[in-house]
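Q: I am new to this structure and would like to learn how to read it. Could we go through it together, feature by feature?

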Amino acid sequence: MEREVVVSEDAAASSSSSAAASFSLAETRVICRVCQKQFAQYTCPRCNARYCSLPCYKGHSVQCTESFMRENVMDELKQMQPEDESKKKMLDILKRLHLEEEDMDSEGEDESILSEELIQKVMSGDEIKLEDLSDDEIKRFRQALASGELSKMIEPWTPWWKKPSARSISLSPDGSQLIRQVSVEDTDTSDPMADPESSISEIPEGPESALPSLKQLTRVEPSPLLAVHLADILYSYCFTLRLHNGDWRSDPFGASTVALSVSKVMGEDSKPETVSEALTACVEETCSPAYRHTGGFRFAIALVDDIISLLTLGGNALVCALCDFRRLIHIAETMLKAEKLGKAERARSTQKLRAADRKLYFMTCWVHEQPNEAWSSLARLVEVQKASLEELDCGSPFQRAGRKNDAQSKVLIEEI
């Protein structure tokens, strides 16, 4: 039984004031329904019972408290269910794989890549590692990878610079984001791998703070070769994103290693003097034995076309691309501590990542200060280089070998 107690705040002044004034100074307080001793400060969200403290809340109704807690837990579990897009894609891939294996079984091939136990484990939401597979399963899995059997199950990634929304990227005059999403736990110390899906947006976010002018960063005039170096950096960025199907957050340290190996400007502190020199070095690295599996020369031509697309979008898109590249380097440096590396190798990797971070920051500030006309001119230079590379493709060793065989088949001198 709840009791209401009227407590006057100033008993001495009530005698000299009017009845209306004394009523306004009075405050209605409710006694705790549980202990009947203290004033109630809280209300149960289920039964509206008034209580004064946590012990009283727990004791006011066991059934009410348990049902309330149970509903909260169920809500949390519902949010943790595999309803996100990545989980749906994984389940679809596994279902298609399972159906194809059943078709293979019906044709007489009774071997499957994954066992039924592992498939059920993944479909239930658990992760599997290569160590969970048997030697025979690892062998069949690698055979399926080499043959391209699994590649058709992965949905092709569309680069963000190819999407229509990339044409309308806007930043503030100081280079920072116009709109920034702020969450309750918006801290720099949060785990970058905690929720990778939530951090991957259609267009990479721009700088969170204003970009300083170049005069604040250096006293000397910027090098006229920065535009050439930008072509090298953009090639490395596009290569890394395409290699990881747009999701470099799945392996930030590995992605940073690939990026620094492809970019001679960031990885080897090279200073190419022409666009042709910069792109030729990148194409040679793409066609090297380390990355030949990615597509070789034709893949390199597609990456040059990606550079042209980014330059055509203008300065704001370039700033967002460089910021995304810099986030990759930042997270890779953070995760370097978890890698099993020797002391000397860890020190070298840290030094290379920090040097790359400084170059990307300076390049971002430089790009922000350039007029949009500069990017159309640079895009034309890259287009010229792309045309020369395509001509080189026509004169590849395979083409030359074919022409040589044709020449040998023709009889130049016929004996009569």
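A: Gladly. Leucine 328 is found in helix H15; helices (H or I, at least four residues) and strands (E, at least two) are DSSP runs, numbered from the N terminus.

Q: Is leucine 328 buried or exposed?
A: Buried means under 20% relative accessible area, exposed means over 50%, and partly exposed is in between (1.4 Å probe, protein chains only). Leucine 328 has a relative accessible area of 1%, so this residue is buried. Across the protein, buried residues make up 34% of the 416 residues.

Q: What kind of model is this, and how should I read its numbers?
A: It is a predicted model in which local features need pLDDT of at least 70 and side-chain atom pairs count only at pLDDT 80 or more, while totals for chains, interfaces and linings use all residues. Residues are numbered from 1 along each chain as its sequence is written, and side-chain values use heavy atoms, with hydrogens and water left out.

Q: What is the average pLDDT of the protein?
A: pLDDT is the predictor's confidence in each residue, from 0 to 100. The protein averages 75, and 64% of the residues score at least 70. Among its elements, H10 has the highest mean pLDDT (94) and helix H8 (residues 196-199) the lowest (40). Residues 1-27 stay under 50, and the model has 25 contacts beyond four places in sequence for them. Residues 183-200 also stay under 50, with 13 such contacts.

Q: How many helices and strands does the protein have?
A: The protein has 18 helices and four strands. One of the helices is H16 (residues 343-369), with 27 residues. The expected span of a helix is 1.5 Å times one less than its number of residues. H16 reaches 40 Å from its first C-alpha to its last, close to the 39 Å expected. The buried residues of H16 include Leu353, Asp357, Trp366 and Val367.

Q: Why is helix H11 described as largely enclosed by the rest of the structure?
A: Nine of the eleven residues of H11 (residues 252-262) are buried, so this helix is largely enclosed.

Q: What is a nonpolar core, and which residues touch the most other members of the largest one?
A: In soluble globular proteins, nonpolar side chains tend to be buried together. A nonpolar core is a set of buried Ala, Val, Leu, Ile, Met, Phe, Trp, Tyr and Cys residues joined through side-chain atoms within 4.5 Å. Here the largest has 68 residues, of which Trp160, Leu230, Tyr235, Leu311 and Val367 touch the most other members. H15 gives the most to this core, with twelve residues. Setting aside residues up to four places away in sequence, valine 367 touches Leu230, Gly315, Leu318, Val319, Leu322 and Trp375.

Q: How many aromatic pairs does the structure hold?
A: Rings of Phe, Tyr and Trp (its six-membered ring) pair if their centres lie within 6.5 Å; planes under 30 degrees apart count as stacked, over 60 as edge-to-face and the rest as tilted. The structure holds eight aromatic pairs. The rings of tryptophan 160 and tryptophan 161 have centres 5.6 Å apart and planes at 80°, so they are edge-to-face. Phenylalanine 239 and phenylalanine 299 form a tilted pair, 5.6 Å centre to centre with 55° between the planes. That pair links helix H10 with helix H14, its two residues being 60 residues apart.

Q: How many disulfides are there?
A: A disulfide is a covalent bond between the sulfur atoms of two cysteines. The cut-off used here is a pair of cysteine sulfur atoms within 2.5 Å. The structure holds zero disulfides. For cysteine 320, the closest cysteine sulfur is in cysteine 323, 6.5 Å away and too far for a bond. Cysteine 320 is buried at 2% relative accessibility, and cysteine 323 is buried at 12%.

Definitions and conventions:
Contact = heavy atoms within 4.5 Å.
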